[in-house]
Amino acid sequence: MERIRTIIMGAAGRDFHDFLVRYRDDDSVDVVAFTATQIPGIDCRVFPAELAGPLYPHGIPIVPETDLVDWVRRHDVGQVVFAYSDVSHTHVMHIASLVNAEGADFVLLGPESVMLRANVPVISVCAVRTGAGKSSVTEYVCRMLAERGLTPVVLRHPMPYRDLLASRVERFATIDDLDAAKLTVEEREEYEHFVEQGIVVYAGVDYRAILRAAEAEASVVLWDGGNNDSPFIKPDLEIVVLDPHRAGHEREYHPGETNFLRANVLVVNKTDSAPAGAVDGLIAEATQWNPRATVVRTESRVRLAVDPSALAGKRALVIEDGPTVTHGGMGFGAGVLAAREHGATLVDPRPHAHRSIAEAFARYGHLTKVLPAIGYSPEQLADLERTIADTPCDVVVVATPIDLSHVIRIDQPAVRVRYEVTDAGEPTLRSVVNGWLASEYVGGE
């Protein structure tokens, strides 16, 4: 039987997972390429033969998504599998139309068809959009588990932006582990805040191997989703975070709407800073479209690492989490909220932006008085450092999940800002998680 020539579209994450779980050993399918987008510098690589398996002795090329139609035509491709997240339904269907117009099938795999099954209980925390606060929710759930004497281990959604074979299974338990891996800023943002709290984090490329390693030291595995992707591990409790600052997006983005409709627990986060009526509107949407889910509300409180007087009356350069304010579409985050609350004046970094930072501002026109923390490469880190140095300000408000001084030099006085999730009304997320633990898996209190 002739193998179906296939392209998998991705962003160095779900695409590799779907291949390894669904297609790697399927001799009816010939994956001729991965395409890559969203993240700079992840294309023009090869998915290594050691991971790709015996059907692919030379590995699989990774090419820019802009080359998709050309590859479909030149390689007589019969199907294109879409495998990345945090994109609008319109975006997905425009690509589907391009693929179908070339005569190929367009494939969306259901999340369950590529979920792995664990030998320990699994709680997943996903979202309907990037920047909804899922990692803060994961931290909160980890604290609950630790209070009960359980050992949570976090499996983070993949971010294999470096050497793919070397990143097959990665375990981070100390700051030294993070330093040794020479992570990008974006990776470090997702791992460091857990490690600082003594929580082991696994990530990488091969989630079968990652899951087996994590199970050896976990009472409960916590899946911490990336963007608004669905879990790679079959969850026993499926938590999905909603963002009232982007009400309506829960039904407009892929695969966030799938998460919205699947969830056991829907968390309406950021209720303390949400626009009037947005929280009630989201609760009404949840009740209509996923009536089986338990809906809880949480606040995402801004925490300063210093006395608030450090901001009063100052000109503040605010650095926000990169993915949240770029392709996540948010114009602000914890840094802006803290600066405004404590009397600082926001400065505009755009006139002082260098190279890749200037390109990011040009691409994401909604960004004005915030600086996205972008650092996928040493060159981007250098551009970020120079942009900070050249922006006239009295204080730098660092609202990324990491201490940026680990990776770049900041000469101005700097203030770190973090979100911390707390319950806001009944039922609480704490009561829901504790009830699940007590009734189903690891015993009552």
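C393 counts as buried, at 12% relative accessibility. Buried here means under 20% relative accessible area, exposed means over 50%, and partly exposed lies in between, using a 1.4 Å probe and protein chains only. C44 is exposed, with a relative accessible area of 67%. The structure holds 0 disulfides; a disulfide is a pair of cysteine sulfur atoms within 2.5 Å.

This is a predicted model, in which local features need pLDDT of at least 70 and side-chain atom pairs count only at pLDDT 80 or more, while totals for chains, interfaces and linings use all residues. Residues are numbered from 1 along each chain as its sequence is written, and side-chain values use heavy atoms, leaving out hydrogens and water.

Turn now to a sheet. Strands of a sheet pair through backbone hydrogen bonds, either parallel or antiparallel. Here an open sheet of 6 strands runs in the order β3-β4-β2-β1-β5-β7, with mixed pairing. Its edge strands are β3 (45-47) and β7 (105-107), and each pairs on one side only. The twist averages 30 degrees from one strand to the next. Two strands pair if DSSP finds at least two bridges between them. Strands (E, at least two residues) and helices (H or I, at least four) are DSSP runs, numbered from the N terminus.

Look inside the sheet. Strand β2 (residues 29-36) pairs with strand β4 (residues 60-64) in the parallel sense, over 3 bridges. F34 stands opposite I62 in β4.

Helices lie across these strands. Helix α1 (residues 14-23) lies across β1 (4-10), β2, β3, β4, β5 (79-82) and β7. Helix α1 runs at about 170 degrees to β2. Helix α4 (residues 89-101) lies across β1, β5 and β7, at about 150 degrees to β7. Axes are lines fitted to C-alpha atoms, for helices over the stretch in contact (heavy atoms within 4.5 Å). Angles run from 0 to 180 degrees between N-to-C directions.

Next comes helix α12 (residues 334-341). Its residues A334, G335, V336, A338 and A339 are buried. What covers them includes β16 (294-304), β17 (315-321), β18 (345-346), β20 (395-399) and β21 (414-423). Just after α12, G343 takes a positive phi of about 85 degrees.

Last, find K182. This residue is in the loop between α6 (175-181) and α7 (185-195). K182 is exposed, with a relative accessible area of 68%. K182 and V407 are 225 residues apart in sequence, yet 9.5 Å apart in space, C-alpha to C-alpha.
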